[in-house]
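I am opening a notebook on a structure I have not looked at before.

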Amino acid sequence: MARQKAQNAGPALAQRQQPASEQESRSQRVGDVEAGEIAIPQFFNTTFSTHRVSPLYIGAQKLDQARLDRLAHRLRDTLVGDVVRGVQIGLEATDTPMGQVGPLKAVNFRWFRATDVLGDNSGELSEEQAKGLWMEMRHENAAYVALLLPGYSVSQKGPSTSTASLWNMGLDKPEIGEADGSQFLHLPLLLLRMPQPLKAVIGEWLSTTFDCRVTKLNLGTRTLVSVLEGWIQESGLPRADSDLVLTLAFNAPLTDKGRVAVLSSGGGLDDEDEDDEPTEPGLRSMEISVSASDLRRFLRAGKALQKSKRTVANTASNTASWEHDDRERRRLAGPHMDDGWDWLKNKEGPPYPLMEALANHLNHHMALNLFHPGVRVTQVSCGGFVLSQSRIKIVKAGDVTEDLSRAAWMFVTLLGERIRGDGMSLVT
């Protein structure tokens with residue numbers, strides 16, 4: 001009997017020992033997740049500021065995880081330091097609108113696959129386009145992230161233009177100024193979620209470490225409108241409880257100071273008005289709100305306008321000075337190349353049925369020409385995303401669906417096209 005109890009105790013002891021080993025392996029897996037080895041960054045439901053980065057010089061050594069860990073340690077030493085180039089930063093106890101962020105706990109650099117964040121992509125991506133770089137700075141009460149993404153493009157599926165051709169810049173001898181393209185890393189789209197003082201530190205650190213240039217990416221009318229129209233084509237109209245809100249701004253000329261001076265000296269104004277200075281235009285911006293129930297009708301009306309070739313862009317008054325004068329159009333549009341609505345003249349471009357219907361509505365009821373070069377779109381907000389001149393946010397209610405994944409890929413692809421269209425992130 002005692003022998004039988006001892007024999008039965010063997011399996012029981014093994015059963016008691018097995019959960020312990022399983023618990024250790026589970027703890028190991030949890031530790032791996034906390035260490036960030038299999039974690040992915042949070043992209044949806046997060047507001048990012050948009051920036052662009054010239055090619056990062058990484059040298060002959062590969063940017064593997066061991067090197068990333070060393071770089072993360074260097075960045076941590078910079079952040080916890082008392083002074084950065086003579087400027088007191090004190091980032092360990094920064095006062096933010098949300099309160100104290102607490103001391104810096106860890107700084108992690110990791111590679112991530114774009115498909116794990118945005119969902120599966122129908123197109124084929126090269127190894128260079130398939131991954132991005134994730135920088136995370138975790139404080140006690142907050143976490144700040146920076147995402148470096150490739151410049152996805154519809155017109156260019158393969159790797160980006162070789163760095164050697166960019167550095168040659170038309171020199172007669174190709175060996176002069178030639179650089180090995182494998183020593184540069186092309187991650188031109190930088191998304192930051194952190195306070196402004198930390199953005200300045202991160203931008204300077206990237207510039208110093210990788211010999212690159214970090215600049216703010218300002219999105220203009222063409223990008224904002226293209227994202228809106230493309231989002232509707234990929235994922236449909238916004239939810240029934242979400243209205244579409246467009247913010248318009250006006251590049252109106254200032255008051256003619258010379259004319260005001262003549263009026264002041266010619267007796268046309270009272271003496272008490274002589275000290276008054278010319279004021280800027282009173283109308284700075286305007287919000288156009290379209291209810292979700294009316295969006296479908298707007299879309300049908302816009303498609304009907306395009307089929308009948310009675311678009312607002314083609315029926316504008318020919319007496320305007322900017323109609324056939326590209327220089328005057330550019331002057332009215334301002335310095336941003338994405339503004340001015342000049343691309344509407346390209347018949348091979350994508351259709352904009354919603355904007356055509358909205359322009360027709362504003363022209364009929366308010367005598368406002370939406371496609372005037374001085375009118376620009378500065379923000380688009382709907383149930384699926386919020387996009388402004390320098391900030392983006394894609395909303396995810398539940399799991400990443402196929403429609404949401406296609407729309408998100410369209411989103412980052414248009415941002416890549418915006419960077420590639422400038423060319424500044426490649427040659428500066």
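**Entry 1: salt bridges.** I searched the whole structure for salt bridges and found 9. I keep in mind that this is a predicted model. As background, I note that side chains of opposite charge can pair when their charged atoms come close.

**Entry 2: R406.** Which residues does R406 meet in salt bridges? I looked up E234 and found the two side chains joined, N to O, at 3.2 Å. I then looked up E402. R406 forms a salt bridge with E402 too, with the closest N and O atoms 3.4 Å apart. R406 and E402 are 4 residues apart in helix α11, so about one helical turn separates them.

**Entry 3: the network.** E234, E402, D403 and R406 are linked in a network of salt bridges. Are its members buried or exposed? I checked three of them. R406 counts as partly exposed, at 34% relative accessibility. E234 is partly exposed as well, at 28%. E402 counts as exposed, because its 61% is over the 50% cut-off.

**Entry 4: R138 and E136.** I turned to another pair. R138 forms a salt bridge with E136, and their closest N and O atoms are 3.9 Å apart. The cut-off is 4 Å, so this pair counts. R138 is partly exposed, with a relative accessible area of 29%. E136 is buried, with a relative accessible area of 10%.

**Entry 5: helix α2.** I checked the length of helix α2 (residues 65-80). Its 16 residues should span 22 Å at 1.5 Å a residue, and the end C-alpha atoms are 22 Å apart, so the two values agree. Which residues of α2 are buried? I list R67, L68, L71, A72, L75 and L79. They cover an arc of only 140 degrees around the axis, so they lie on the same side of α2. What do the buried residues of α2 pack against? I find β7 (104-113), β8 (131-139) and α5 (196-210).

**Entry 6: cysteines.** How many disulfides does the whole structure hold? My search gives 0. C212 is buried, with a relative accessible area of 11%. C382 also counts as buried, at 9% relative accessibility.

**Entry 7: the whole chain.** I stepped back to the totals. The chain has 12 helices and 17 strands. Of its 428 residues, 41% count as buried. I took the contacts between residues at least 6 apart in sequence, and 77% of them join residues at least 24 apart. The accessible surface of the chain comes to about 24200 Å². Carbon and sulfur atoms account for 49% of that surface.

Notes
Residues are numbered from 1 along each chain as its sequence is written. This is a predicted model: local features need pLDDT of at least 70, side-chain atom pairs count only at pLDDT 80 or more; totals for chains, interfaces and linings use all residues. Side-chain values use heavy atoms; hydrogens and water are left out. Helices (H or I, at least four residues) and strands (E, at least two) are DSSP runs, numbered from the N terminus. Buried means under 20% relative accessible area, exposed over 50%, partly exposed in between (1.4 Å probe, protein chains only). Contact means heavy atoms within 4.5 Å. Accessible areas come from the Shrake-Rupley method with a 1.4 Å probe; for residues, only the protein chains shown count as cover. A disulfide is a pair of cysteine sulfur atoms within 2.5 Å. The expected span of a helix is 1.5 Å times one less than its number of residues. The arc is that of the directions from the helix axis to the C-beta atoms.
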